[in-house]
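Keep the 3D view open as you read.

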Protein chains: 2
Amino acid sequence: MDKEITIYDIAKDLGVSPTTVSRALNDHPAVNEKTKKKIYKAAMDMGYQSNVFASNLRSKKTNNIGVIVPRLNSSFQSSVIAGMEKVANEAGYNLIISQSMESEAKEIANTLTMFNSRVDGLIVSLASNSDNLAHFKPFIKKNIPLIFYDRVGSLEEILGVTIDNLNAAYQATKHLIDQGCKRIVHVLGNIKVNVYSERLKGYKYALLDHEIPYDDKLIIHADLNEEAGYDIVQKVKNLDKPIDGLFVSNDACAASCIRQLKLEGFKVPQDIAVVGFNNDVISRLVEPNITTINYPGYEMGEIAMKNLINHLDDKSESMLKTTNKITLRSELIIRESSKRKLV
Amino acid sequence: MDKEITIYDIAKDLGVSPTTVSRALNDHPAVNEKTKKKIYKAAMDMGYQSNVFASNLRSKKTNNIGVIVPRLNSSFQSSVIAGMEKVANEAGYNLIISQSMESEAKEIANTLTMFNSRVDGLIVSLASNSDNLAHFKPFIKKNIPLIFYDRVGSLEEILGVTIDNLNAAYQATKHLIDQGCKRIVHVLGNIKVNVYSERLKGYKYALLDHEIPYDDKLIIHADLNEEAGYDIVQKVKNLDKPIDGLFVSNDACAASCIRQLKLEGFKVPQDIAVVGFNNDVISRLVEPNITTINYPGYEMGEIAMKNLINHLDDKSESMLKTTNKITLRSELIIRESSKRKLV
């Protein structure tokens, strides 16, 4: 690297004192606006970098916030991150991002890296096999604020930002029942994850409340991706009795199931009514359009980040000490894939 | 924050000298493996953080790499970022991410923030109205490595990682011509962006080579999103003569056009054959499946990051000084949306 530009270089260039330059760059009231502007411009032109290392060493703040997600390559997670970045950037914080690739071991390594990078705070959506959570203890011990979102852990002292997954799944299942479905398959991910265990509860409660017996042969665990449709539809076809409803825990997978169902000669929604989850773009573009749960990822990112930054900027006003859970609104959006009753 | 754990605390706890702790944590050969392990474990348990500020001050390295994207909330960009994160993480670097929201002003502000945060390197996909590029000069001046990808600028000294957009568009257009199309509409974004200007050239050259006259009424500029289909199809219907081919510069927008065409009674591909771009998940799930250009976003992220890190780790082996362009393979994937000729 080239020689570092210092305040002495700027001072020399402009014929002012180094103290004036230093004061101007720190927006000191003793320097008039005209001089400040001149000094800012010279600093920019000469390529002056504020000495963050030295100033971090004094303030013990990095202005970096760590985010660990299961996978960056996901429509939901990229919405969340976009919302987080907007809030962080406006407040003068940088986002440091890493992905656990759904592996607890990688999540532990990422968490340690974030800890040693001295992020000012950490926001995490857990890997699907992460259940020990001991790796977050150093953050708690050092009072570095930590927030979980979507896939929240069981640490009582940590704020979790979620939707009401139980109720959302209840509404989705009830809607299928209202459309005349009696044998409804529920497709979901790893039951260790709160998101899926809560949705399974919602599905069961809706059946119970409508006097439809629960049958665990109708529960299909799958990787919820665009390739899963084939396997799911084969499993559905191998059931002893035909089904008439399918509630899938994300839209890409629901779209894949619909495609496969159509290829196999099923009519959607007449033979099998389908409901997805997330309200991804894909739910509005496939045919038939997919009934789904609107899951506000962007807003979830904004809210998690706002709470973290509020805490960093003013601990007295912070909700982190007192609040265990923030639940965002979600709602059922009814489209063609499940509409079997004509009005 | 609580009291900082120091090597003196660890030394006291274990009854060894602070020098031994310091040497162990720096993997010094004078400390035996057993003692090292004991010291690592105590450091973890007690919540010791390596003093990155002081060590950064010495090494002048942050181990942070900045990435600026137009929008995080995009299927293509989230693939790219996933690829970058994987490579950076394995090499011990963190990713600091911000989005320009397609605004040059925000890109300038983000670039300055990255500069003052002293990122070790910067990777950028430009905002659509970014054409001055003066904001990157401080990086060049200080020899901080900079790489552009996808939307690359006109700075001769900066490596750009792209696909061959001209050839990809040529192949897409030629394919439509091969299917018997004679009036092909091309839908694209802001022509200031290299990506779109190159594709327009490819479209024109393919027409020229097949003796189809170019007609600029057949060029539609649009925001390439899932809502754009309605407006595009209205424009198509208002043309003086009917069209028989549609080449859209991304898949979400192509899917939206197909949906709208079908709603208006057009048959795809019989009346209008459609080709998209990117090979997003959506291209494989809508009906008919969309013929598209496979655009390897994940690999693009990996390659951009690998080149940056190679440069940081060993400047002598670096391609950054000598290489102006890295072009990734892309290819046409033919699916139902454009197949009009039976074999």
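**Where the two chains meet**

Start with strand β2 of chain A: 3 bridges join β2(A) to strand β2 (residues 94-99) of chain B, and the two run antiparallel. Strands are taken as pairing if DSSP finds at least two bridges between them, and the elements themselves are DSSP runs numbered from the N terminus, helices being H or I of at least four residues and strands E of at least two. To find your place in this pairing, look for A:I97, which stands opposite B:L95 in β2(B).

A word on what you are looking at: this is a predicted model, in which local features need pLDDT of at least 70 and side-chain atom pairs count only at pLDDT 80 or more, while totals for chains, interfaces and linings use all residues. Residues are numbered from 1 along each chain as its sequence is written, chains are lettered from A and ligands numbered from 1 in the order in which they are written, and side-chain values use heavy atoms, with hydrogens and water left out.

Now widen the view to the whole interface. Here 62 residues of chain A are in contact (heavy atoms within 4.5 Å) with 62 residues of chain B. Together the chains bury about 5,900 Å², 52% of it on carbon and sulfur atoms; buried area is the accessible area (1.4 Å probe) that two parts lose on being put together, summed over both.

What about charged pairs? Across the interface of chain A and chain B there are 6 salt bridges, each a side-chain nitrogen of Lys or Arg within 4 Å of a carboxyl oxygen of Asp or Glu. You can pick out a salt bridge between A:E226 and B:R284, where the closest N and O atoms are 2.5 Å apart. The largest share, 7 residues, comes from α5(A).

How do the two copies relate? A rotation of 180° with 0.0 Å of shift along its axis superposes chain A on chain B, with an RMSD of 0.1 Å, by least squares on the C-alpha atoms of residues with pLDDT of at least 70 in both. That is the relation of a two-fold axis. The same surface serves both copies, as 100% of the contact residues of chain A recur in chain B.

Finally, look inside chain B, where B:K36 forms a salt bridge with B:E33, the closest N and O atoms being 3.5 Å apart. B:K36 and B:E33 are separated by about one helical turn because they lie 3 residues apart in helix α3 (residues 33-46) of chain B.
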